[in-house]
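Please look over the structure below.

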Amino acid sequence: MSASRIDRADITRWIKAHRASFESDLRELVEIPSISMDPSRKGDIARCAEAAAAQIRAAGGTAEILTTAANPVVNGAFLCDPAFPTVTIYNHMDVQPADEPTWRQDPFRMSITNGTYGGRGTTDDKGPALTALHAARYANEKGIPLNIRFLWELEEEIGSPSFDGCLKAHAKKMPTNSVVVSDTVWIARGKPAVSTGLRGMVTALLSLETGCEDRHSGLVGGLARNPLAELAEVIAGCVDARSGKVLIEGFYKNVQKPKKAELDGFLASGFRTSEFQKVHGFKSLRTKDHKAGAAAIWALPTFEVHGITGGYQGPGVKSVVPPRGEVKVSMRLVPNQTPDEALRLLTRHVKKLNKDVVVKGQHGLLPYRGPSDGPLADAAVEALRFAFGRKPAFVREGGSIGAVVTMQQRLKCPIMFIGLSLPEHGYHAPNENYDWEQASGGMVAFTRYFEQLAEQR
Ligand code: BES
Ligand code: MN
Ligand code: MN
């Protein structure tokens, strides 16, 4: 690594001068409700892709929209010279729904309060995407000898079902030496982190029908089966609710236990259960132990219950025996688990617990493991240190990004992570936000990253 030739005064001035452009770009995208989960938002997905592509063009790049079996992908680029190395920046432009009742604003209007941007998608992942775009624009204007590509997908939040098909069809025309993904979180403000892994995931619906309609429980109760009680029993048979230990037979068979050195690294990262509890507003946690806590969110699998439906939901208690119920669950997976195998084990286990419960699995994602050393990791460490004054810790992410494994396979290149989101930005939560401190620092970090990649030939 050679010393940086980035002129601090110049980049600081440039970033300040482009703050308004960053904010108006972010506002434009946040105000398009590109909710991939909602079929009625197809028009907004298309509009968002068009607007995002237009922003790349306005910044001096080229952009086209690739259509897929499902949602479009924006393929953008700042290409200078085929002799230069190429980096591809991955982000997603689709967002989660925003129907939580505790939003203090319209989630699809962007608010600006003291350098904090409020609205759905500000941090996950439109803000980081535009941070990287602005850095690319700066690098391009300054003539950093690097080709920079963008891959912005619009179906990450539904597991990227058509991204693989899209890359299969188009990978040839997007050659790249590496990918950098900006869709992950830090430990805390001032404590940057670089991800070396993502959990995989598979979701399922467990349903049970024991009747046809509600029946008076005074009339039938005692003899009639209760689907909600039986489903509760099945859940209790799948997970120890207090410890989180998964009880599905064979579930841990392929789990690679985190090594001691990695667990020590988790502690050294500055992760603290107390801080975690506070920032997320939890009343208490399953453990106070920092190492065990970090391992639980980053390196171990989970079985989670997301929703139980069925029965009377109105005010008071209506004493009927409901005819059916449904439980929405997911399993987060770690190396070397696979979604197919996890689903097979779950189905077998549930059938043993209750043969009438129907298990319907959905599209799954493989876990991902990446390096914490080598030239890209070194460049990411230096980039974050240069921009934020502190070296990042290597951690794993408990979340999943379906496109990562796909890009590794189809673009046949290494992948690095430079995320900029903070825990308090509220991924998927009401009052999601992003801020200028992370954006402006992020622009410096990306520029320093690009500078180093340009030297790696
Ligand atoms: N940006 C997140 C992934 C993430 C979550 C990274 C937590 C680091 C920490 C991504 O947008 C996301 O939410 N992924 C989903 C994928 C799923 C819906 C298929 C997830 O992890 O639940
Ligand atoms: Mn995301
Ligand atoms: Mn997300």
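This is a predicted model: local features need pLDDT of at least 70, side-chain atom pairs count only at pLDDT 80 or more; totals for chains, interfaces and linings use all residues.

Residues are numbered from 1 along each chain as its sequence is written, and side-chain values use heavy atoms, without hydrogens and water.

**Helix pair H1 and H4**

- Helix H1 spans residues 8–17 and helix H4 spans residues 122–141; helices are DSSP runs (H or I, at least four residues), numbered from the N terminus.
- Their axes come within 11 Å and cross at roughly 130°; axes are lines fitted to C-alpha atoms over the stretch in contact, with angles from 0 to 180 degrees between N-to-C directions.
- Asp10, Ile11 and Trp14 in H1 meet His134, Arg137, Tyr138 and Glu141 in H4 (heavy atoms within 4.5 Å).
- This contact has three nonpolar, one polar and three charged residues.

**Cavities**

- There are two cavities of 30 Å³ or more; a cavity is a set of points on a 1 Å grid where a 1.4 Å probe fits but cannot get out, and lining residues have an atom within 4 Å of a point.
- The largest cavity holds about 60 Å³ of space, and its lining includes Gly250, Phe251 and Lys253.
- That lining has three nonpolar, four polar and two charged residues.
- The second largest cavity has a volume of about 40 Å³.
- Its lining divides into seven nonpolar, two polar and one charged, with Leu198, Arg199 and Tyr368 among them.

Technical notes. Chains are lettered from A and ligands numbered from 1 in the order in which they are written. Helices (H or I, at least four residues) and strands (E, at least two) are DSSP runs, numbered from the N terminus. Ala, Val, Leu, Ile, Met, Phe, Trp, Tyr, Cys and Pro count as nonpolar, Asp, Glu, Lys and Arg as charged, and the others, Gly among them, as polar. On a 1 Å grid over the protein atoms alone, a cavity is a set of points where a 1.4 Å probe fits but cannot get out, and a pocket is an open set with protein on both sides within 12 Å along at least five of seven lines; lining residues have an atom within 4 Å of a point. Grid points are joined across faces, edges and corners, and a volume is the space filled by probe spheres set on the points.
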